[in-house]
Amino acid sequence: MRIYRTLSRHALVVAFCLPILVMGVYFIGRGVYPFGNSSLLTVDMGQQYIDFYSYFRQTVLGHPGQLFYAFNKDLGGDMYGVFAYYLLSPFNLIVCLFPKSLLDVAIVVITLAKYASASLAMAYYLYRRGWQGLWLPGWGMTYALSGWMLANQLNLMWFDAVICLPLIAAGLDRLSATHRPGLFITWLTISIITNYYMAYMTCLFICGYWGYVLCRDQHSWRSTWQVSWRFAYGSLLAAGTAAMVLLPTLYQLTQSKGTYTVTKVHWRFEYAPIKILGKFFAGAFNFDQMPKGQPNLFVGSLALIGVLLFFFLAKIPWRERLVAGLWTIFLTLSMMVEPLDLLWHGFQFPVWYPYRFSYVVCFWLLVLATRALALLPEGINWWQLALALTAILSAGGYVWLHLKSFSYLTNSQVLTTCLFAFFALVLLSVRSDTRRYTPLVFMFFLIAESASNAVLTLNQLSYVSHSDYHTYTEALRTGVTKVQAKHAGTYRIGKTVLRTKNDAMQVDYLGTDQFNSMFEPNIPKLFGQLGQAAGDGFVAYTNGTEITDAFLDLKYWLDPKPLTKRHTFLPQVSARPDLQRYGKSGQTADFNLYTNPYALGIGFAADQAILKTKLIDGMPVVNQELLLSGLTGTGFQTLFSKEPLADPTLKGAGWSGATVKKTGSAIATVTYTFTATTTDPYYLQIPASFTDSVVSLTQNGHNVPIYDTFRDPLLLNVTPTAPGTKQTLTFTLLKDSADFGQLLLYRLNHAAVSAKLSQLKQSPLDVTQRGDRHLTGTISIEAAQQVLMTTIPNIAGWHVTVDGHVVHPKTALGLFMAIPLTRGQHTIKMQYTPPYLWWGVAITLISIGLRVLWWLLTPTGRHSHRVTKVPANTATPKVPKRD
C-alpha cells in the first residue's frame, strides 16, 4: 500500500524510469554488450552515426574548432551544418563519459535516456491536462515505445523532436489558458536547435494543433486574437533565438541537401490507403519497411479505442470534434498523398525511412485518446463497447484474410494485437476510477502491450556485434597511430578495407571517404569522373590509380596482411597489387603499411591551365589524362593504352547483344583472359550498370572486390604479380543479366606518369601549421603562370591571405581551391568560418533581448499573476487521484 502511494505521488519519476527498466531488460536479453556480444549498431547507426559520435567526442574533448570545419569530411568541408542535423542533442554529451573504444555502449545509454525522456515528456503533458497517478507512466510508455520510436531507434538524432513535442504542446496549452508563451518559446527553440529538420515537421504540426486548442478551449474572437498573435510572435522569437544555428545551416542546405529538392509533384496515392491499417498492429515492421514502406503508427489498442470514441462522445463539443476530425483527415492524407508527403519532408523524398513525420501522428492519436478516456471515468457503455468491438473485428478480420498484403505481419502478431484489444475492452467495460488500483491495472496493461510491440519490432533487425565493431576500429586505430607516430605532417591515408565510409572521423585521420546527408554534390561528381564509387551523399575511394593517389595526397596506405584468423573482421573493398611498387614502410599485427613516393601534398605548384580543365562524365581514363595535362601545362598525352581481352567464354549464359543473360538456374559465368607484357599497372573499366551487386569478379581464382553501389564507370586494379603470366578474369552473374558492352582493359604508362608527378613534386606547399579550421604554409613558385593547386574544396567561408594580403581563390575542376601566385616565396594562410554565422549570432542575441524585454514589460511576463486566466470549463477533467 505504501509503495503504491509512493509510486502514485512520484508518477513522473516512474514515467522516466519505466522505459529504462523495460528496454534495459530487453537489451540484456538480446545480449547487448557488456551482457553479451551484441550492440545497437544497425544500418545507418552502425554505418554512419557511430562515427559522428566519435567525431563529436573528439570535438568536445579537445578540438572545438571541429564544430565548424573538418579536414577529414572526405577531402574537407563544413561541419556546422552536419552538427546541426546530427550532433547538437545535449544527450550526446554522454559519449564523453565513455572511452573511445566503448562508444557502442554509450549509444545504449543515450538510447535508454531518450526513451525515458520521451516518456517523461508525454507524462508531463498529460499531467498538465489533468491526468494523475499511475496513468501517467502508462501513457508515457505508450508514447516512448510507439511504432515510430522503435522503428527509428537507429536514428537517435530524431528522438529529440519526439521529446520536445509534448512539451511544446504543453506550452501551447499554457499559452491558451494564461496568455504566457514562455514554455512554448523555450521548448520550440530547443527543438529547432537540437534538430532543425524534425523541428520543421513539428512546426507544421503545431499549426494544426493550435487551431484545435483554440476550438477546444472555446476562445472568443477577441481572446483568439490575443493568444494567436502571441503564438505567432513566440514562434518567430523561437526561430530568432535559434538563428545562430538556423542561418548558417540554411545556407549549407543550399549547397548540399537542398540541391535535391523536388520541383515536380504528382497528385497520387503512394500506396493503397487500406495498407495503412496493418501499421496499427504490434510489431508491424521489418527490414524491407526501412527503404520503402508505410508509416509506423502503433500506439496500442487502448489508444485506438480512445480515438474512435473521441468522435462519438457527446461530452466533447461538436466543434472540437469537427476541427479534430479535419486535422486527422489532413494528417492521414499526408501519409499517403505524394505532394502532402513532400510538404512534410521539405519537398524532398526521403532516402530510406519514409514518413519521418509520423511521430506527430502518434502524438496526435494519444491526444485524442486521452481526451476521450478522461471523460469516461466509469468506463464505457454497451453501445460504445459494440462500436469498438465491431471496429476491432473488422480491422483484425481484414488483415487476417489479406495477410499476404502485409509482408511485415504474421498470424501470431495479428492474434496478439486482437487479444490485447479485447482485453482493453474488458478493462474499459469494468473501469471505475473510484477503485484504488484502477490506474495500476491500466498501467500494467499499457506496459505489457508496449513491451510486446518493442520485442516484436526490434527482433526484426540484425545488429553489428560488439567484437566486430571494436576489433576493426582498434586495428585501424593501431595502424593509423603507427603512421602518425612516424610522420606528424598533413597528409591523407588510404586503405583497402572499409567498415564505414566515415572511418576517418571515427579514428581521427585525414581520409577520402564520406557518408553524410549534408554532403556537397560536387564532391561525388568529381569522384565519379575519376572512376570512384560515388552517389548522392557518399563517396568511397575504393579504386585509386597512381595518378589519383598522388593527386589526392594519399601519402600512406594500410593493406591487410595475408589471410589470418583475425583477417575476417577487416572487410576488403579493393585490390591494390600496385601498392608493392610504393614500397612497404612498416606493419602492425593486422596491416602492412606502404608509403607513396609520388604523393604531391595537400597543395603544390601547378600550371594555371588546370583552371580551364574540364572533366567529362563517364570517362575516368580520359579524365585522369586531362588532369595530369592540366596540372603540368603540357599538351594532352595518352597515358592509358587500351589492351586486348581474349574473347570471353560463357557458362550457363548466352549473349543478347552486349548483354549476358542466364540460360538456367545454374551459376552463370563470363570468363576473359589477358597476358601482361610489362610491369605497368593494369586497370579493368567496368560499367555503371554493374552497380548493386550485379556481378562478382575473381582474378586467377582470387576475389577482386567491387563496391556495391556506384553510378559511374569504375577502374578495378588487375595488375598481375608478374608479366607474361596468363590472367583469368571470371565474372559470376549475381542477377539474371549484365551488360558487358563497356568492359575495357587499360595499361597505365608508369614511366610517363612518374615523370609528370616528379615534375609536380618540385614545389610543394610546406604546411607549417594546421588547426581544426585553419592552415598555414609556405610555397616557392619557380615559374610564371602558376597556381597553388590544393585538394581542399573551395567553399564559401574560407578567408585566405597571401603574404598578408586577402585573396579570392579560384575553383579548379569544379571543386578545389587554386590560388594564382607570382614567382617567389609566399606564405599562405587559410581560415574557415561558416557563412552567415555572425549574422545568426546577432539575430540570436537580439531575439534573446526581445524576449527579456517582453518578460519585463508585459503583464504576461514578470507580472503574470495579474493575468485573468481563460475559463477552463472545457478542458480535460482531472482524473480523480486515489491514494
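Which side chains meet R747 or E643 in a salt bridge, and at what N to O distance?

1. The model is predicted. In it, R747 and E643 pair with each other through their side chains in a salt bridge, at 3.4 Å from N to O. R747 belongs to strand β22 (residues 744–748) and E643 to strand β11 (residues 640–643), so the contact ties together parts that are 104 residues apart in sequence. E643 has a relative accessibility of 19% and counts as buried, because buried means under 20% relative accessible area.

2. The number of salt bridges comes to 17. One of them joins K73 to E520, with 3.3 Å between the closest N and O atoms. This pair links distant parts of the chain, 447 residues apart: K73 sits in the loop between β1 (69–70) and β2 (77–78), and E520 in the loop between β4 (514–515) and α22 (522–529). Both K73 and E520 are buried.

3. R711 and D536 form another salt bridge, their closest N and O atoms lying 2.9 Å apart. R711 is in the loop between β18 (702–703) and β19 (714–717), and D536 is in the loop between β5 (533–535) and β6 (538–540), so parts 175 residues apart in sequence are tied together. R711 is partly exposed, at 39% relative accessible area, while D536 is exposed, at 52%.

4. A further point concerns shared partners.

5. Two packed helices are described by the angle between their axes and the distance between the axes. The crossing of α10 and α14 is left-handed.

6. Helix α6 (residues 135–144) is mostly covered, with 10 of its 10 residues buried. Among them are W135, P137, W139, M141 and Y143.

7. Helix α27 (residues 837–857) contains L857. L857 is exposed, with a relative accessible area of 66%. This leucine is part of a nonpolar surface patch made up of L845, I846, I848, L850, V852, L853, W855, L856 and L857. Together the patch residues have about 870 Å² of accessible area.

Conventions
Residues are numbered from 1 along each chain as its sequence is written. This is a predicted model: local features need pLDDT of at least 70, side-chain atom pairs count only at pLDDT 80 or more; totals for chains, interfaces and linings use all residues. Side-chain values use heavy atoms; hydrogens and water are left out. Patches are made of residues with over 30% relative accessible area and no salt bridge: like charges are joined within 9 Å, nonpolar side chains (Val, Leu, Ile, Met, Phe, Trp, Tyr) within 5 Å. Accessible areas come from the Shrake-Rupley method with a 1.4 Å probe; for residues, only the protein chains shown count as cover. A salt bridge is a side-chain nitrogen of Lys or Arg within 4 Å of a carboxyl oxygen of Asp or Glu. Helices (H or I, at least four residues) and strands (E, at least two) are DSSP runs, numbered from the N terminus. Buried means under 20% relative accessible area, exposed over 50%, partly exposed in between (1.4 Å probe, protein chains only). A crossing is left-handed if the near helix is turned anticlockwise from the far one by less than a right angle, and right-handed if clockwise.
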